Amino acid sequence: MKFIDNKGITDPMINLAIEEYILENFGETDTYLLFYVNGPSIIIGRNQNTIEEINTDYVEENDIKVVRRLSGGGAVYHDEENLNFSFITKDDGESFQNFQKFTQPIVDALNERGVPAELQGRNDVAVEGRKISGNAMFSTRGRMFSHGTLMLNSKIEELTHALKVNKIKIESKGIKSIRSRVANINEFLEDKLTIEEFKEMILKHVFNVDDVKDVPQYVLTDEDWEKIHKISRDRYQKWEWNYGKSPAFNIQEAHKFSAGLVDVRLNVKKGIIEDCTIFGDFFGIGDIKDLENKLIGLRHDRKTIEAALEDFPVSHYLGKISKEDFINLIY
């Protein structure tokens, strides 16, 4: 495994491009660890409806960047006291959805420091029942990454103002507010850490070294950086990627499954599905547009939908959500 230094960049539109570039070009034979710290920003899950996840007025008034990532999962708030980590590696067919495999080194490092962290639910790391880290994955062409947040000393009040949390998600977790559910790692440390000290702690543990100078690295070249900036311009700096057009719809069905929230919007005219958009924080591998396109043009009745999806791998797109559950949701 090798570490990649992002040179202290705090622009999420660049940092997500670094991650995508490494994913597309490395990881077939080795595993890479990337750290990045973003300035105040909201990072939207790949399949989410941006405008419904953010408090637009607050975000604009406080100059908070809004950027969509490649991976599924929910929206998260980043600031300079939140460390993001990303393991980029070969997709061996067994690692996708295995959050424990990639969070365990982080959990072990925290436990070693006296913070009783543990993987909780499908993709969170928590301490004493309070979330300190959310994690997500993305897989493409034989490679994948598993990345997550580590809230060291984040401004949690900013998080609560900037994000609009879906009522369905709150109710499914049996909590009164997002504020009661999250915590900073420094809350559990007698000797508080700076973000740089925290980075060093994680690096020393993951690479089993006494000095960070001994951590093996891949240094990004000038050519690498040129390609990274192109990815940033072509994707992460574009409104079409980060926001996109909200669809017209006359039917909406949403449910919070154990494997994630699925929110389906259908535009049905004269009994025919003319448009379909599927939002959510689920973790699928395939492009959700494939499933959406499969439904467009069908009669809006159960037998027609069942027949159309009979040989279609719904779980490939929605993760651990079954075809039957999906059909029950939309009809």
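This is a predicted model: local features need pLDDT of at least 70, side-chain atom pairs count only at pLDDT 80 or more; totals for chains, interfaces and linings use all residues.
Helices α4 and α7 cross in a right-handed sense. Helix α4 covers residues 99–112 and helix α7 covers residues 195–207, and the two pack with their axes 9 Å apart at an angle of about 115 degrees. Because angles of 65 to 115 degrees count as roughly perpendicular, α4 is described as roughly perpendicular to α7. On the α4 side, the residues that meet α7 are Pro105, Ile106, Asp108, Ala109, Leu110 and Glu112. Their partners in α7 are Phe198, Met201, Ile202, His205 and Val206. Sorted by class, this contact has eight nonpolar residues, one polar residue and two charged residues.

The crossing of α1 and α8 is right-handed. From α1, the contact takes in Met13, Ile14, Leu16, Ala17, Ile18, Glu20 and Tyr21. From α8, Asp224, Trp225, Lys227, Ile228, His229, Ile231, Ser232, Arg235 and Tyr236 take part. The contact of α1 with α8 comprises 10 nonpolar, two polar and four charged residues.

The next stop is a strand residue. Serine 133 sits in strand β9, which spans residues 130–140. Serine 133 has a relative accessibility of 1% and therefore counts as buried, the cut-off for that class being under 20%. Two polar groups lie close to its side chain in the distances that follow. The side chain of serine 133 makes a polar contact of 3.2 Å with the side chain of asparagine 135. A polar atom of the serine 133 side chain also lies 2.6 Å from the backbone oxygen of threonine 149. Once neighbours within four places in sequence are set aside, serine 133 is in contact with Phe85, Asn123, Asp124, Val125, Thr149 and Leu150.

Most residues other than glycine have a negative phi. Arginine 141 has a relative accessible area of 66% and so is exposed, since exposed means over 50%.

Glutamine 97 also has a positive phi, of about 80 degrees, although it is not a glycine. This residue is in the loop between β6 (82–90) and α4. With a relative accessibility of 22%, glutamine 97 counts as partly exposed.

Strand β6 itself contains lysine 90. Lysine 90 is partly exposed, with a relative accessible area of 47%. Which residues does lysine 90 touch, not counting those up to four places away in sequence? They are Gly27, Glu28, Gly142, Arg143 and Met144. From lysine 90 to proline 247 there are 157 residues in sequence, and the C-alpha atoms of the two are 35 Å apart in space.

Terms used:
Residues are numbered from 1 along each chain as its sequence is written. Side-chain values use heavy atoms; hydrogens and water are left out. Axes are lines fitted to C-alpha atoms, for helices over the stretch in contact, and angles run from 0 to 180 degrees between N-to-C directions. Helices (H or I, at least four residues) and strands (E, at least two) are DSSP runs, numbered from the N terminus. Angles under 35 degrees count as roughly parallel, over 145 as roughly antiparallel, 65 to 115 as roughly perpendicular and the rest as oblique. A crossing is left-handed if the near helix is turned anticlockwise from the far one by less than a right angle, and right-handed if clockwise. Contact means heavy atoms within 4.5 Å. Ala, Val, Leu, Ile, Met, Phe, Trp, Tyr, Cys and Pro count as nonpolar, Asp, Glu, Lys and Arg as charged, and the others, Gly among them, as polar. Buried means under 20% relative accessible area, exposed over 50%, partly exposed in between (1.4 Å probe, protein chains only). A polar contact is a pair of N or O atoms within 3.5 Å; within protein, one must be able to donate a hydrogen and the other to accept it, and residues adjacent in sequence count only if both atoms are side-chain atoms.
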